[in-house]
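Hi,

Here is the structure I promised to pass on. Have a look at it first, and then read on for my notes.

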Amino acid sequence: MKKAIWMSALGLAFALVVSAPASAQRAEGQGPGQGRGPATLATIPVDLLAGPLKLTDDQKTKIKASQEKVAKATAEAGKAAGGRGGGGAGSPAVRDARQAAIKEITAVLTVEQKSKVEGVVQEFGSYQQLGIPLQILGELKLTDGQKAKIKPIAEEMQKKVQGLRAGGGPPDRQAMQQLRQDYGAKVTPILTAEQKAAIEKWRNANPTQQPGGTPPKK
C-alpha cells in the first residue's frame, strides 16, 4: 500500500512537470541512451520495466529488441548530423522509430500490464526529471526513506512548473532547465556518497545524455 501511494503521488507530480501531454511524450520520447527526452516505454530500460510490469522473459527479449531499433536509428541520425551531441535525435527517422517501438512494446503487453504503464512511466520519469539517470537507477538502490524525501521535491517542482505555464503555451526552455538544476540540487543531499559518485561517473561518461542540470558532487 505504501509503495502504491508513493507511485501515485510521484506519478502525479511528473505528469504536471513535463511540458507535453502523454500522447506527445510517446511521439517525442528519445531512445535508450538518449536521456534528454521524456520517459516512455521506448526509453525506460527494460530491466526497470520488468519489475513493476512483471514482464516474462519473452516480453523482455521483444521489448529490448524494439528499444535497440530506436538506439540504432538515433546513432545513425547522429552520425548523419555530423556527430554533434544529440544531433539528429529529432529527425523524422528517429521519431518514426520511437513511435514504432512504443507500438511494438505495447502490443506484447497484457491488458493488466497496459493498465499499469502510465503510472510506471510517470514514476520513472519523475526520477529522470530530477536528474537521476534511469540507466543506473537500479544500481542506486534508493531506499523507501530516500524516495519519501524525494517525493515532496517533485511536488514542489510541479508547482513551479504550473507557474511557468500559467500564461499558456509551453514553458520557457531556459526556465525549465534552471528548474531541473535547482530541484536536482535539492535531491543531491538525500543521496549517499556512493550514489552520488555513481551518478557523477555516469554523467561524465555520457555528457550528451543529460536532461539538464549539473552532476551531483560528492
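A residue counts as buried when its relative accessible area is under 20%. By that cut-off, 48% of the 218 residues in the protein chain are buried. Please keep in mind that this is a predicted model.

The fold first: the protein chain has 10 helices and zero strands. Its accessible surface comes to about 11,200 Å², and carbon and sulfur atoms account for 54% of that. If you take the contacts between residues at least 6 apart in sequence, 67% of them join residues at least 24 apart.

Two helix pairs may interest you. Helix α4 (residues 57-80) packs against helix α5 (residues 92-108) at an angle of about 180°, with the axes 9 Å apart. The two are therefore roughly antiparallel to each other. On the α4 side the contact includes Ile63, Val70, Ala73 and Ala77, and on the α5 side Val94, Ala97, Ala101 and Ile105 are among the residues they meet. Sorted by class, this contact has nine nonpolar, four polar and four charged residues.

The other pair is α8 (residues 144-164) and α9 (residues 173-187), whose axes come within 10 Å and cross at roughly 165°. Because of that angle, α8 is roughly antiparallel to α9. The crossing of α8 past α9 is right-handed. Ile150, Ile153, Met157 and Leu164 are among the α8 residues in this contact, with Met176, Leu179, Tyr183 and Val187 among those from α9. Here the classes are 10 nonpolar, no polar and four charged residues.

Enjoy exploring the model!

Best wishes

Notes:
Residues numbered from 1 in each chain as written. Predicted model: local features only at pLDDT ≥ 70, side-chain atom pairs only at ≥ 80, totals over all residues. Heavy atoms only, no water. Axes fitted to C-alpha atoms, helices over the stretch in contact; angles between N-to-C directions. Helix = DSSP H or I, 4+ residues; strand = E, 2+ residues; numbered from the N terminus. Parallel < 35°, antiparallel > 145°, perpendicular 65-115°, else oblique. Left-handed = near helix turned anticlockwise from the far one by under 90°. Contact = heavy atoms within 4.5 Å. Nonpolar A, V, L, I, M, F, W, Y, C, P; charged D, E, K, R; others polar. Buried < 20%, exposed > 50% of the residue type's maximum accessible area, 1.4 Å probe, protein only. Areas by Shrake-Rupley, 256 points an atom, 1.4 Å probe, with all protein chains shown as cover.
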